[in-house]
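Here is a quick briefing for anyone meeting this structure for the first time. Have a look at the sequence and the model, then read on.

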Amino acid sequence: MRALPASERSMAREQGDACVAPTSGVLESRASPLPDCAPCVGATHASPCSWGLPASEKDSKGTDVAPARSTGPRSGPPTSPDALTAAAKRAARANGFHAVGVCDLGPIERDALRRWLEAGCAGSMQYLHRQAAKRQEPAQIAPGSTRAVVVLKSYLQPDEPPPGPGRVARYAWGEDYHRVLGEQLAALAAALVELGASPDATRWYVDAGPVPERELAQRAGLGWMAKNTMLIHPRLGSYTFIGAVLTDLELAVDPPFTADHCGSCRACLDACPTAAFAQPRWLDARRCISYLTIEHRGRFTEREGAWIGDWLFGCDVCQDVCPWNDKFAQLTDEPRFAPRTELVAPSPAELVLLDPADFRTRYRHTAFERPGPAGIARNARQVIANRTT
Ligand code: B12
Ligand code: SF4
Ligand code: SF4
């Protein structure tokens, strides 16, 4: 387990850097004290390694998990692109984000989204068809914007899911991330406006919007798009949410993350219980438990019902088997993501019987609101049926 040394935390405060939040930078590693990577196991990262990991927390160009440090005496608001980016990154960390990068909003060259949609892999997620043009041309999303400040926030908890009759994906164990990140992104957007961004061209997004979030995160240097399609940050792993603030502020951009650290591994592809990966980086959502239990409406077919297994909501299998999560992922320091019993280990039998009013009281402001009482009761019935067959 690793926490930022107290000396570094107090040093940052002594320097009077108002942007250092008391809790930022105190993430703990899940297992190893240093983020070793396969080619240099046991070695300390004294210099950038061949896999592109930064030399230490102190020099990772702002995409690390270290707290913001004072950049020296300031004589007025920053104006150069580099100084604006440094200020934007301090604001991101001060508002609770664990990694931040900046990219431009040029078109996405890869044609994967169109091919994926045409192949029917989105299932009934019609909004992805409607948003496709903007996702391909991110500059069209918020007219006037030219940059994205992309942030990651870890949601990994120290506890393993308890054994029980039904499982819930880790990302849903606490308060709804749309609310938590939404408030923090709004504060970040306000900070950008204070730095000179136009309010009309500065908009924040998390999940709900036509933003190609993983593409922008990779472009902003935050990680690679892995074989399980997740964005993996070399120090945070993939148990992260992605948020973005689009803006017209003249920010200096970060270099994209060009390495692919999956190598010859295929653990996620082999572990998926429904064989949802037609090939690496190609997920047929119609076979994905996450899609079926959250996005899909109506009854399950017999085959879909069997695929659900014991998952009541979402699925973590292709992330749980990933060595980057097993060894290097960082625990979150966000108190609002603290696991709640009714989300980590709900009783399927109770969920089936919960009336809509009680459901709304118990699960208000949680990710369970997406499928709603009918969707959750359907999932619970299926999990019970799967246990008895
Ligand atoms: C639709 C959607 C889903 C769908 C489809 C998932 C999918 N893989 O496409 C379903 C419901 C199944 C789903 C499930 C989950 N989701 Co979801 N989902 C989204 C959403 C809204 C859109 C994603 C999308 O556009 N998919 C279409 C595909 C084609 O696009 P893409 O994933 O970006 O893929 C690109 C790459 O594949 C790339 N590509 C293709 N070929 C190649 C080749 C190379 C070499 C490279 C480098 C890239 C590459 O091109 C594609 C398009 O540009 C995003 C939010 C957003 N606005 O982006 C969240 C998002 C991706 N989901 C998220 C999460 C947390 C999950 C779950 C973990 C939840 C859970 N535990 O149940 C699972 C994970 C399943 C998985 N392995 O992906 C997070 C991911 C965070 C991260 N660190 O990556 C996001 C970003 C939401 C957020 N704001 O945090 N999700
Ligand atoms: S979330 Fe589960 S079902 Fe979906 S691709 Fe990953 S392992 Fe397969
Ligand atoms: S399990 Fe292996 S192949 Fe899959 S995302 Fe992780 S490193 Fe890449």
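Helices (H or I, at least four residues) and strands (E, at least two) are DSSP runs, numbered from the N terminus. This is a predicted model, where local features need pLDDT of at least 70, side-chain atom pairs count only at pLDDT 80 or more, and totals for chains, interfaces and linings use all residues. Residues are numbered from 1 along each chain as its sequence is written, while chains are lettered from A and ligands numbered from 1 in the order in which they are written.

**The sheet**

- Four strands make an open sheet, running β1-β2-β7-β4 with antiparallel pairing (two strands pair if DSSP finds at least two bridges between them).
- β1 (99–104) and β4 sit at the edges with a single partner strand each, so each has one side without a neighbour in the sheet.
- On average, neighbouring strands here are turned by 20 degrees against each other, direction ignored (axes are lines fitted to C-alpha atoms, for helices over the stretch in contact, and angles run from 0 to 180 degrees between N-to-C directions).
- Helix α2 (residues 81–94) packs on the sheet and touches β1 and β2, its direction making about 140 degrees with that of β1 (contact puts the C-beta atoms of two residues, placed from the backbone, within 7 Å).
- Helix α5 (residues 177–194) packs on the sheet too, touching β2, β4 and β7, with its direction at about 30 degrees to that of β7.

- β2 (residues 147–154) pairs with β7 over 8 antiparallel bridges; S154 stands opposite T240, and K153 stands opposite F241.
- β4 (residues 203–205) pairs with β7 over 3 antiparallel bridges, and R203 has L246 as its bridge partner.

**The nonpolar core**

- The largest nonpolar core holds 92 residues, and those with the most contacts inside it are A88, V149, V150, L188, L192 and A244 (such a core is a set of buried Ala, Val, Leu, Ile, Met, Phe, Trp, Tyr and Cys residues joined through C-beta atoms within 7 Å).
- α5 gives this core its largest share, 8 residues.
- Beyond its neighbours within four places in sequence, V150 is in contact with residues including G101, C103, I242 and A244.

**Around the ligands**

- Ligand 1 has 37 residues around it, of which A112, A169, L231, S290 and G314 come nearest (near means a C-beta atom, placed from the backbone, within 6 Å of the molecule or strand).
- α8 contributes the most to the shell around ligand 1, with 4 residues.
- That shell around ligand 1 splits into 23 nonpolar, 6 polar and 8 charged residues (Ala, Val, Leu, Ile, Met, Phe, Trp, Tyr, Cys and Pro count as nonpolar, Asp, Glu, Lys and Arg as charged, and the others, Gly among them, as polar).
- Ligand 2 has C272, C288, C315 and C318 among the residues surrounding it, and its shell has 8 nonpolar, 2 polar and no charged residues.
- Around ligand 3 you'll find residues including C262, C265, C268 and C322, while α7 (267–271) and α11 (323–328) each supply at least two residues of the shell.

Technical notes. Buried ≥ 20, exposed ≤ 12 C-beta atoms within 10 Å, placed from the backbone.
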